[in-house]
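Reader: I have a model open and want to learn how to read it. Where do we begin?

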Amino acid sequence: MEPVYINGIGILSSLGIGIEQVRTAVLHNESGIFKSETYGTECGSIEDLFDLSDFTETTYHYLDRTAACTIACIRMAMDDSSYIINETNRCSTGLVFGSIWSCAGTMEKFQQKLIDSDPKYATPFLFSNSFPNSPASTASIEFGIKGYNTIFSGCSNSGFMAFSAGYDAMRTSKSDALFTVGADAVSQTVLDYYADIPPNDSAACILISNQKIESSVEISNLRIRSGKPFPDDFTGERIQVIDNRIYLDPDKETPRGTCMGGAFHSAAVCAADRIREGITDSCRVEFTAGDSAGYCVLRKA
Amino acid sequence: MNDNRNRPVITGMGAVTPVGLTVSETWESLCSGTSGIRKITLFDTSGLRNSRGGEIRGFTEDAERPRSLQFLEKATGEALSNGNILENSEILEETGFALGTNFGCAESFSRYYTHRDKNPSVSTDALHQYPFGYYADTMRDEFGIKGECVAVSTACASGLAAVEAALQILKYTDAESVICAATDELTLYSYAGLCALHAVTKETIRPFAESRAGTQFSEGAAVVLIEYEDHARSRGISPLARIEGIFLNNDAFHTTAPDTEAAGITNCMEQVFKRSNVPKENVTYVNSHGTGTKYNDVIETRALKNVFGPHAHNLYIDSIKSMTGHEMGAAGLIELISTVMTLQTGTIPPTVNCSDPDPECDLNYCTDGSITADIECALTNSYGIGGANGSVLLSAFRE
């Protein structure tokens with residue numbers, strides 16, 4: 001089995017666009033939950049804080065926000081690692097995407113059109129942008145990622161399982177490099193579903209590779225526990241993701257809302273950042289949601 | 001985790017399709033060239049491109065619960081029964097669940113959203129049926145599964161993506177077996193959208209025919225029980241087929257159109273062979289994606305020639321969608337089950353409605369009725385909107 005390294009990270013959330021902003025917000029214990037003009041309620045929507053043109057020159061006539069966030073965080077991870085996709089490596093560069101709601105916001109728009117007008121006038125571009133795999137497909141086209149590709153969607157463990165699948169694809173040489181992304185965006189449906197817990201726009205990308213570079217962080221272990229307790233032999237720092245709410249310090253109440261499918265990747269990005277910044281040498285990112293559980297251990301490479 | 005527990009095999013199968021409510025019913029219909037395409041009664045198709053599709057009939061259903069979930073429950077019961085683990089709580093506690101679906105319970109989403117449009121304080125009960133995790137929760141409750149449960153969605157390649165997810169559960173968790181499932185239901189939401197994309201023919205699905213003009217959509221579910229060979233043997237089960245290889249990739253070409261050079265699907269199949277010990281010449285049967293759209297069939301033909309070279313002309317190739325219609329996210333796994341049946345029985349179902357073969361589709365598409373042949377290895381392919389591709393290589397299990 002090949003070693004697997006994290007060589008690039010990208011993150012967007014209501015705490016900030018990019019790891020520097022997120023790091024600062026976390027240090028200052030900022031909330032990221034605020035009154036949304038669009039939805040008229042408290043949530044972590046970043047639609048007014050985020051401009052996709054900062055991340056791509058492509059003009060999209062329509063793009064679901066989860067897809068937009070996916071493109072942005074992949075671009076950040078590419079820039080962070082200086083990884084360039086070219087004709088030589090594009091078929092061996094993979095993408096694994098995890099999301100609970102994926103394009104629910106676009107599903108709402110498409111459904112509204114069906115309600116407002118005859119189904120024979122259904123809007124093809126809204127429909128094609130409403131598929132759960134649409135963010136990953138759009139990103140694949142945007143960056144020319146033609147390698148291993150799969151999408152975990154709809155379960156609360158989708159983000160964690162996407163990360164696990166990406167790790168497996170690297171260990172079994174299905175890819176030479178792979179973007180693993182967890183992302184979700186606030187929509188009216190999502191707000192209705194969570195009711196008492198404010199949802200956040202959240203997207204994070206981790207570029208993993210078998211090649212070690214100067215800033216690499218190693219994924220030294222990954223386990224899926226299926227409801228079994230975590231082993232208590234780990235002595236390093238831990239970040240917990242419980243029901244897709246991130247507890248940066250397990251001893252403190254720090255959740256700001258649910259990051260949905262972006263939670264595990266966001267936590268792993270924060271862990272990798274802390275190792276790269278020299279704050280800690282290792283960190284275990286733990287995931288629990290219902291009967292699903294697992295963890296990965298990140299170490300200084 | 002244990003990477004040395006032998007090779008993955010299929011030990012149980014269940015299906016609910018437009019041509020049969022079990023695997024054996026479905027298989028009998030396929031081999032006799034029976035079509036499951038009929039008038040759609042589930043919703044009003046007025047003004048849409050086609051009023052016919054693969055609507056499942058003869059199914060006793062509970063109107064309060066999503067059809068796709070009920071298909072799944074029935075197919076799971078069949079697969080667990082013939083895999084000899086139904087009501088075996090000891091094994092089910094060590095069993096995972098991997099689901100592939102394209103639209104899931106989209107009807108529940110539509111119902112919720114439509115009611116909410118009229119009354120914003122409507123109950124969210126229907127909404128809670130929409131996320132694909134609802135299937136997993138139901139399966140846990142109903143069948144006593146305690147292993148890891150996941151859902152994948154790669155459009156019409158979802159069924160094969162579920163196989164890959166199932167293999168990962170076997171590899172990375174303590175699960176001794178995995179229920180690999182796929183399901184989708186016909187709804188106005190998906191049907192109106194697919195018509196808007198002009199994927200639907202105005203007349204009849206005709207894979208590989210010159211007159212083909214699109215596909216016809218349908219619904220259904222498929223379930224296969226996957227475990228390692230030594231585990232199956234330890235409980236006295238003779239496997240139905242071996243999974244020799246699988247790969248998933250993306251065309252990265254266009255949101256709704258396939259790559260006309262067939263590069264993505266060619267590479268997907270090549271990667272399967274690269275990772276298996278099976279020589280290409282050992283493959284003599286391909287269960288094609290075969291949607292009957294203008295683009296798909298000729299591109300798929302091109303890809304098979306790219307991968308197999310002159311041997312492509314020796315292949316038996318069929319499209320069972322010509323009879324079942326396109327079951328969307330369930331299609332890949334239904335076709336995998338059909339492929340396993342071919343490996344077991346040596347019968348290749350026909351491609352029907354192809355009375356005018358397209359000169360550009362010049363391989364052997366089995367258009368003259370079912371064929372008998374000894375098939376050792378077979379490939380099944382699925383492709384989806386957004387450029388998602390999946391290929392699975394299977395071999396016959398022979399003692």
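Reader: What should the 13 residues of helix α4 of chain B span, and why?

Author: This is a predicted model, so treat each value as computed. At 1.5 Å a residue, helix α4 of chain B (residues 106-118) should span 18 Å. Its end C-alpha atoms are 19 Å apart, which agrees.

Reader: Which residues of α4(B) are buried?

Author: To call a residue buried, we need 20 or more other C-beta atoms within 10 Å of its own. In α4(B), the buried residues include B:F109, B:Y112, B:Y113 and B:R116. B:A106 and B:E107 are also among them.

Reader: What covers the buried residues of α4(B)?

Author: Look at both chains. The cover includes α3 (104-116) of chain A, together with α7 (188-196) of chain B.

Reader: How many residues of chain A are in contact with chain B?

Author: Count each side of an interface separately. Here 51 residues of chain A are in contact with 53 residues of chain B. On the chain A side, α3(A) gives the largest share, six residues. By class, that side has 23 nonpolar, 21 polar and seven charged residues.

Reader: Into which domains is chain B divided?

Author: Read the bounds, then the contact between the parts. Domain 1 of chain B covers 8-234, and domain 2 covers 241-396. Their C-alpha centres lie 20 Å apart. The contact takes 63 residues from domain 1 and 57 residues from domain 2.

Reader: Which element gives the most to the side of domain 1 of chain B that touches domain 2?

Author: That is α6(B), with eight residues.

Technical notes: Residues are numbered from 1 along each chain as its sequence is written. Chains are lettered from A and ligands numbered from 1 in the order in which they are written. This is a predicted model: local features need pLDDT of at least 70, side-chain atom pairs count only at pLDDT 80 or more; totals for chains, interfaces and linings use all residues. Helices (H or I, at least four residues) and strands (E, at least two) are DSSP runs, numbered from the N terminus. The expected span of a helix is 1.5 Å times one less than its number of residues. A residue is buried if 20 or more other C-beta atoms lie within 10 Å of its own, exposed if 12 or fewer, and partly exposed in between; C-beta atoms are placed from the backbone. Two residues are in contact if their C-beta atoms, placed from the backbone, lie within 7 Å. Domain bounds come from an automatic or database domain assignment. Ala, Val, Leu, Ile, Met, Phe, Trp, Tyr, Cys and Pro count as nonpolar, Asp, Glu, Lys and Arg as charged, and the others, Gly among them, as polar.
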